[in-house]
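Here are my notes for you on this model. Keep the structure open beside you and take the points one at a time.

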2 protein chains.
Amino acid sequence: MEDPTRAKTRDIARTAIRAELAQAAIELFRREGFDQVTLNDVAAAAGVSRSTFLRYFGSKEEAVLGAMDDLGAQAAVALCARPYGEGDWTALRRCLDPFIDAYRADPSGSLAITRLIQESPALRNRQLEKQASWLPALTRVLTDRSSRPDPLVAAVRAAAALDCLSIAVTHWSASNGGEDLAALLDQAFSAFATT
Amino acid sequence: MEDPTRAKTRDIARTAIRAELAQAAIELFRREGFDQVTLNDVAAAAGVSRSTFLRYFGSKEEAVLGAMDDLGAQAAVALCARPYGEGDWTALRRCLDPFIDAYRADPSGSLAITRLIQESPALRNRQLEKQASWLPALTRVLTDRSSRPDPLVAAVRAAAALDCLSIAVTHWSASNGGEDLAALLDQAFSAFATT
DNA sequence: ATCTAGGGTGAAACTCGGTGTCAGAGTAGC
DNA sequence: GCTACTCTGACACCGAGTTTCACCCTAGAT
């Protein structure tokens, strides 16, 4: 049928191109504004045709938000890995560490992308959509972890945890990256500790 | 300039037409599926031109979700009206009562619309967007209510409360409206009581 | 009764995002 | 050199949403 090693090298090449295209797109978006740039513009700037660009990212927004999918999956895996019997809130807080790490790995780049997202309604909404798409997996893991499972409560807690993340990120970007994202996230989670 | 009473009668007529158009649109969406129906279709079914339909609702989705805006505003007002010193969670839970009432007032209609929304990605996302748009107001009210205000915590709690609402509604519709929405909402809020 | 100003309507042209199709170029295995 | 496969770009197409313009209708003024 198909040589699996060949398939893998192709995949590597594809993701490399994807990263290159995304970088060019983000650069252009930052320079001229997401909504001002058309698909033709960004494709031309990236040196490919509109068709090709849309083949790599299903939509204009995916060029910016594509990197997030990976983090969502990582969070689900991380939640799986939390020790049995650990409280939901601490497990959820810890499973968001991959996000913290990603932001720490490239603060200025993360800040730029965060701003880009917050300044464009289209990107903000896609971001919401994306986070919502992570919920079922997190809810499932949380339900399975529980000794007395309640899917409704699990769903609420998972959703609330993601709210903490996005709100912490918002405040972090409002402080121009000056504050510590992990501290902000902890502060956000403290909303569930006291009344 | 303009007779204010005339302006008001015009407004009443407009909202009446709006309601009529929305009803026709929802009916058609339910029958043929939201994504299958084009603006031309729905305009023809409603007996107006595409232009006019889009003048009443800025988008196809607004024909379905337009009624929600009112509820969002009501919730903010209701939160304002909660007694001083009341806990955030109970205040938030109570300020969602207008939603409960609206669903109770027309269960079968609400159920139909809820299903419609959940079955169409476009509508789901617009719904997310709409709920997110309510957050700033709720956060502000919650912050002002607090004796030791923390805007970040307030934002998280407001967001979590809206999560409870949408999750409760989801489960309610999954039960075909069989379960009690208020009870489900209470159960959702219980996610913040225990660890 | 006529004129007139303003808002509501519909027709049309336009932009743009996204989908699908197709033909051609490059490439690896035979 | 032949074949199968993938990637690419060009093109046509659709539907959402914006804008413009002309028309009608109604209400108030003369």
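1. Before anything else, remember that this is a predicted model. Everything below should be read with that in mind.

2. Domain 1 of chain A runs over residues 4-58, and domain 2 takes in 64-190. Their centres, taken over C-alpha atoms, are 26 Å apart. Where the two touch, seven residues of domain 1 of chain A meet eight residues of domain 2. On the domain 1 side, that touching set has five nonpolar residues, two charged ones and no polar ones.

3. Now the label from the database. An unreviewed UniProt entry marks residues 15-75 of chain A as "domain: HTH tetR-type". In the model, that span is 77% helix and 0% strand, and its end C-alpha atoms sit 21 Å apart.

4. Have a look at helix α4 of chain A, residues 62-81. Its 20 residues reach 29 Å from first C-alpha to last, close to the 28 Å expected at 1.5 Å a residue. Which residues of α4(A) are buried? They are Ala63(A), Val64(A), Ala75(A) and Leu79(A). As a reminder, residues three or four places apart on an α-helix point the same way, because there are 3.6 residues a turn.

5. Next, find where the two protein chains meet. Chain A puts 25 residues into the contact, and chain B puts in 25 residues. On the chain A side, α5 (88-95), α8 (121-145), α9 (151-174) and α10 (181-189) each give at least two residues. The largest share, 11 residues, belongs to α9(A). By class, the chain A side holds 15 nonpolar, six polar and four charged residues.

6. Of the 16 residues around DNA strand C, the nearest are Thr38(A), Ser59(A), Ser49(B), Ser51(B) and Thr52(B). α3 of chain A, plus α1 (4-32) and α3 of chain B, each supply at least two residues of this surface. The surface near DNA strand C divides into four nonpolar, seven polar and five charged residues.

7. Then go to strand D. Which residues come nearest to DNA strand D? Out of 17 around it, they are Ser49(A), Ser51(A), Thr52(A), Leu39(B) and Ser59(B). The elements giving two or more residues here are α1 (4-32) and α3 (50-56) of chain A, along with α3 (50-56) of chain B. By class, the surface near DNA strand D has four nonpolar, seven polar and six charged residues.

Technical notes:
Residues are numbered from 1 along each chain as its sequence is written. Chains are lettered from A and ligands numbered from 1 in the order in which they are written. This is a predicted model: local features need pLDDT of at least 70, side-chain atom pairs count only at pLDDT 80 or more; totals for chains, interfaces and linings use all residues. UniProt positions are given in the numbering used here, feature names are shortened, and annotations may be inferred rather than shown by experiment. Helices (H or I, at least four residues) and strands (E, at least two) are DSSP runs, numbered from the N terminus. The expected span of a helix is 1.5 Å times one less than its number of residues. A residue is buried if 20 or more other C-beta atoms lie within 10 Å of its own, exposed if 12 or fewer, and partly exposed in between; C-beta atoms are placed from the backbone. A residue is near a molecule or strand if its C-beta atom, placed from the backbone, lies within 6 Å of it. Ala, Val, Leu, Ile, Met, Phe, Trp, Tyr, Cys and Pro count as nonpolar, Asp, Glu, Lys and Arg as charged, and the others, Gly among them, as polar. Domain bounds come from an automatic or database domain assignment.
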